[in-house]
Amino acid sequence: MSSLKSYLASHAKVVDTALDRFLPPATRKPATIHKAMRYSLFAGGKRLRPILCLAAAEACEGKIEAAVPLACAVECIHTYSLIHDDLPAMDNDDYRRGRLTNHKVFGDGMAVLAGDGLLTMAFEILGHAETWPRYDMRALVRELAHAAGSLKLIAGQVADLEGEGRRITEAQLRFIHECKTGALLTTSIRLGGMSANAPASELKALTRFGHALGLAFQVIDDILDVTQTSEKLGKSAGKDVAAKKATYPAILGLAGAKAEARRLTAEAHAALEVFGSRGDRLRELANHLLERDF
Ligand code: GRG
């Protein structure tokens with residue numbers, strides 16, 4: 001097995017090359033919108049979701065080429081959600097991925113449209129995916145639309161907006177994160193399995209892995225918000241505390257939140273039992289997310 005560092009770099013490059021091919025060039029009319037879409041898409045995101053998608057395909061003995069359109073579609077939706085989340089009407093942030101947010105450069109209206117463009121582009125890219133009788137195009141479209149829709153990603157954002165300034169319980173916080181972070185992350189992993197024609201038992205295991213990993217990822221994100229600098233994170237640190245948002249460190253304390261992240265990572269590992277050594281890369285990625293510092 002190659003080192004994790006070279007795995008992350010080579011797989012991120014595969015995704016970047018494909019995204020560049022799928023997206024209209026920045027000069028294509030109307031050029032402003034394509035510049036704005038590319039500005040955020042190629043701003044140096046970690047590409048965690050697409051890499052997890054490719055790694056899940058490999059764990060199911062699939063070819064990464066078949067997973068690439070699915071990985072790119074997920075990254076477009078993720079980037080759209082960040083652009084819209086940063087808008088003044090939402091989280092009102094000036095920095096993302098280490099540079100000015102989309103609306104700070106292109107204006108609010110164009111940032112709304114850049115998000116809309118990426119969300120729509122995700123489904124156009126999805127249309128390029130190879131399918132199997134077990135996972136036809138209808139199954140792929142439903143999978144992605146459900147994770148991005150008003151029952152998951154948008155539901156999480158609604159609960160987050162409505163919870164601002166209010167005391168919320170750990171169960172409510174878990175709901176927000178399962179929808180806002182966990183659903184798209186789980187779908188990235190499931191789509192990887194689907195691209196490899198995974199049997200139901202493996203898809204079920206990937207789903208359990210995704211749920212535990214998605215929550216662990218968010219607990220760690222909450223921890224980093226209070227322990228790291230804005231420079232390190234490439235976005236404004238300390239925002240959760242400033243906005244009096246409920247977070248895992250606020251509810252469980254820092255040590256409690258760290259213990260919870262470790263517990264969820266162990267749960268993610270346990271879900272991979274069915275894969276034997278084929279799951280090693282996914283296990284390694286889960287550990288990497290636990291230990292990350294940005
Ligand atoms: C606007 C419908 C809508 C939803 C917005 C994405 C989101 C929901 C809010 C952003 C704030 C937040 C805490 C999201 C949780 C997911 C998360 C931690 C995103 C950051 O993901 P990374 O760290 O970012 O993978 P990069 O930039 O590396 O891709």
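## Lining of the largest cavity

α4 supplies the largest share of the lining of the largest cavity, four residues. This is a predicted model: local features need pLDDT of at least 70, side-chain atom pairs count only at pLDDT 80 or more, and totals for chains, interfaces and linings use all residues. Residues are numbered from 1 along each chain as its sequence is written, and side-chain values use heavy atoms, with hydrogens and water left out.

The largest cavity has a volume of about 90 Å³. Of its 13 lining residues, Ser40, Asp86, Arg96, Arg97 and Asn102 are the closest to its centre. Two or more lining residues come from each of α2 (31–41), α4 and β2 (99–100). Helices (H or I, at least four residues) and strands (E, at least two) are DSSP runs, numbered from the N terminus. By class, the lining of the largest cavity holds five nonpolar, four polar and four charged residues. Here Ala, Val, Leu, Ile, Met, Phe, Trp, Tyr, Cys and Pro count as nonpolar, Asp, Glu, Lys and Arg as charged, and the others, Gly among them, as polar.

## Second largest cavity

The structure holds two cavities of 30 Å³ or more. A cavity is a set of points, on a 1 Å grid over the protein atoms alone, where a 1.4 Å probe fits but cannot get out; lining residues have an atom within 4 Å of a point. Grid points are joined across faces, edges and corners, and a volume is the space filled by probe spheres set on the points.

The second largest cavity contains about 50 Å³ of space. Its lining consists of Asp85, Met90, Asp91, Gln157, Asp160, Leu161, Glu164 and Lys245. α8 gives the most to this lining, with three residues. Five of the lining residues are charged, two are nonpolar and one is polar.

## Ligand shell

There are 19 residues around the ligand, and Lys46, Arg49, His78, Asp85 and Arg97 come nearest. At least two shell residues come from each of α3 (48–59), α4 (64–86), α8 (153–163), α9 (170–195) and α10 (200–227). α4 gives the most to the shell, with six residues. The shell divides into six nonpolar, seven polar and six charged residues.

For Arg97 the distance is 2.7 Å. For Arg49 it is 2.8 Å. For His78 it is 2.8 Å. The protein buries 92% of the 710 Å² that the ligand exposes when taken alone. Accessible areas come from the Shrake-Rupley method with a 1.4 Å probe; for residues, only the protein chains shown count as cover.

## Backbone exceptions

Most residues other than glycine have a negative phi, and most peptide bonds are trans. Arg97 has a positive phi of about 50° although it is not a glycine. Arg97 lies in the loop between β1 (95–96) and β2. With a relative accessible area of 17%, Arg97 is buried. Buried means under 20% relative accessible area, exposed over 50% and partly exposed in between (1.4 Å probe, protein chains only).

Glu61 also is not a glycine, and has a positive phi of about 60°. Glu61 sits in the loop between α3 and α4. Glu61 counts as exposed, at 64% relative accessibility. The peptide bond from Lys29 to Pro30 is cis, with omega near -10°. Pro30 is in the loop between α1 (4–22) and α2.

## Second largest pocket

A pocket is an open set of grid points with protein on both sides within 12 Å along at least five of seven lines. The second largest pocket has a volume of about 390 Å³. It is lined by 22 residues, of which Lys152, Gly182, Ala183, Thr186 and His211 are the closest to its centre.

α7 (137–148), α9, α10 and α13 (248–271) each give at least two residues to the lining of this pocket. α9 gives the most, with 10 residues. The lining of the second largest pocket has seven nonpolar, eight polar and seven charged residues.

## Gln218

Gln218 belongs to helix α10. Gln218 is buried, with a relative accessible area of 8%. Gln218 and Met121 lie 97 residues apart in sequence and 26 Å apart in space, C-alpha to C-alpha.

Note on methods. Near = heavy atom within 4 Å. Polar contact = N/O pair within 3.5 Å; in protein donor to acceptor, adjacent residues only side chain to side chain.
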